[in-house]
Amino acid sequence: LENFGKALANMNDALALMAERPLSKLERLGLLKSFELVHELALQNSLVPKDGTWQKMTDDRMLLNDDYDEEIADFVAERIVGHAKSLNAFAETMELK
């Protein structure tokens, strides 16, 4: 659970940067990788939010499994903002933050 909290914090740091300015390609890759890790750790630890957003997160995670595509990466990076709200609220209820 500690690793989930750390991965979520890293994702939040990247999102805070994104709110200030456009991310570089390398920073965006870090955001996407953090999202993938948060998703994976949530699955491994049965920390799946019950608010209906999990399927959307899983769909976006699956988009990243295919060959790397800049447009898909941009699309998912923007959607992570919404996913983060759900994940952070969930972490608060689980006292993981």
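Good morning. From the N terminus on, the elements of this protein run α-α-α-α, which comes to four helices and zero strands. Helices here are DSSP runs of H or I with at least four residues, strands are E runs of at least two, and both are numbered from the N terminus. The radius of gyration is 13 Å, close to the 13 Å that the globule rule gives for 97 residues, so the protein is as compact as a globular protein of that length. That radius is taken over C-alpha atoms, and the rule is 2.2 Å times the number of residues to the power 0.38.

Please note that this is a predicted model, in which local features need pLDDT of at least 70 and side-chain atom pairs count only at pLDDT 80 or more, while totals for chains, interfaces and linings use all residues. Residues are numbered from 1 along each chain as its sequence is written, and side-chain values use heavy atoms, with hydrogens and water left out.

Along the principal axes, the C-alpha atoms fill a box of roughly 35 × 25 × 20 Å. Of the 97 residues, 41% are buried, meaning under 20% relative accessible area; exposed means over 50%, and partly exposed lies in between (1.4 Å probe, protein chains only).

Let me take two residues. Leu-8 lies in helix H1, residues 2–20, and is buried because its relative accessible area is 1%. Its C-alpha atom is separated by 18 Å from that of Gln-55, 47 residues apart along the chain.

Asp-69, in turn, is found in the loop between helix H3 (54–63) and helix H4 (70–93). Asp-69 counts as partly exposed because its relative accessibility is 34%.
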